[in-house]
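Have the structure open as you read.

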Amino acid sequence: MAPDPDRIYEAAALELAATASRVLDFGAGRGLHGIDLRTPHNTVVGCDVDSAVLANPLLHRAEVVALGAPLPYDDGSFDLIVCRYVLEHVECPETVSAELRRILAPGGTILAITPNKYGYVAVAASIVPNPLHVAVLKLVQPGKLAEDTFPTRYRMNTRRDLERAFGALSYFLRASGPSAYHFGIDAVAKAFNLLHRILPEPLHTQIVFRYTRPAQS
């Protein structure tokens, strides 16, 4: 059985959140597909450029942030930063990664899942112009809301991109989970899931990675 990157990400996020006191969900959105990282011993903050984050039920506190602006947090504010399917939308990797590293505490961890730039989903999305993504996704991923579809850039979606942005990664995985793009047809979903089992590792659809900021001496 091939590893499911979403389950790997979720398990790691829950484990890390259990010992973190300050958690940031970067790009938290409305929380429809998120996991509850709140514990009696931590504070989970979420931020997003979309005001839908203010209704996210999985957060202790939420902020709307301006695109490209500095994040409204002090240096070293968070022990854990989680990021689920957000980095593929980033326009300026250098700015975003610098801000995330700035607000990460020494010894803290960034955990993220994002599409692999060379997986077939990202390649197909790169071919389709961004203005048409809503219409196309309505066909291949029935049930996805137009307001939950955002332009994709794929500028932080290879190992080289991520190491350039953050430095040495403490964990990196390329894998493919169950297909979400199947036109609502079971036979198509089964065909894609079979494809996932035979894809060479560089072509898998998703990346899960961890970056740990070096602790101060």
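We begin with the sheet and then turn to the helices.

This is a predicted model, in which local features need pLDDT of at least 70, side-chain atom pairs count only at pLDDT 80 or more, and totals for chains, interfaces and linings use all residues. Residues are numbered from 1 along each chain as its sequence is written, and side-chain values use heavy atoms, with hydrogens and water left out.

An open sheet of 7 strands runs in the order β3-β2-β1-β4-β5-β7-β6, with mixed pairing. Its edge strands, β3 (61–64) and β6, each pair on one side only. From one strand to the next, the twist averages 15°. Strands β4 (residues 78–84) and β5 run parallel and are joined by 6 bridges; Cys83 stands opposite Ala112 in β5. Strands (E, at least two residues) and helices (H or I, at least four) are DSSP runs, numbered from the N terminus, and two strands pair if DSSP finds at least two bridges between them.

| Helix | Strands it lies across | Angle |
|---|---|---|
| α1 (residues 5–17) | β4, β5, β6 and β7 | about 160° to β4 |
| α5 | β5, β6 and β7 | about 20° to β7 |

Angles run from 0 to 180 degrees between N-to-C directions, with axes fitted to C-alpha atoms.

In helix α5 (residues 159–166), Asp161, Leu162, Ala165 and Phe166 are buried (under 20% relative accessible area, 1.4 Å probe, protein chains only). They sit on the same side of α5 because they cover an arc of only 105° around the axis. On the other side, Arg160 and Arg164 are exposed (over 50%). The buried residues pack against α2 (93–103), β5 (104–115), β6 (171–175) and β7 (206–212), where contact means heavy atoms within 4.5 Å. Gly167 follows α5 with a positive phi near 105°.

Technical notes: Arc of directions from axis to C-beta.
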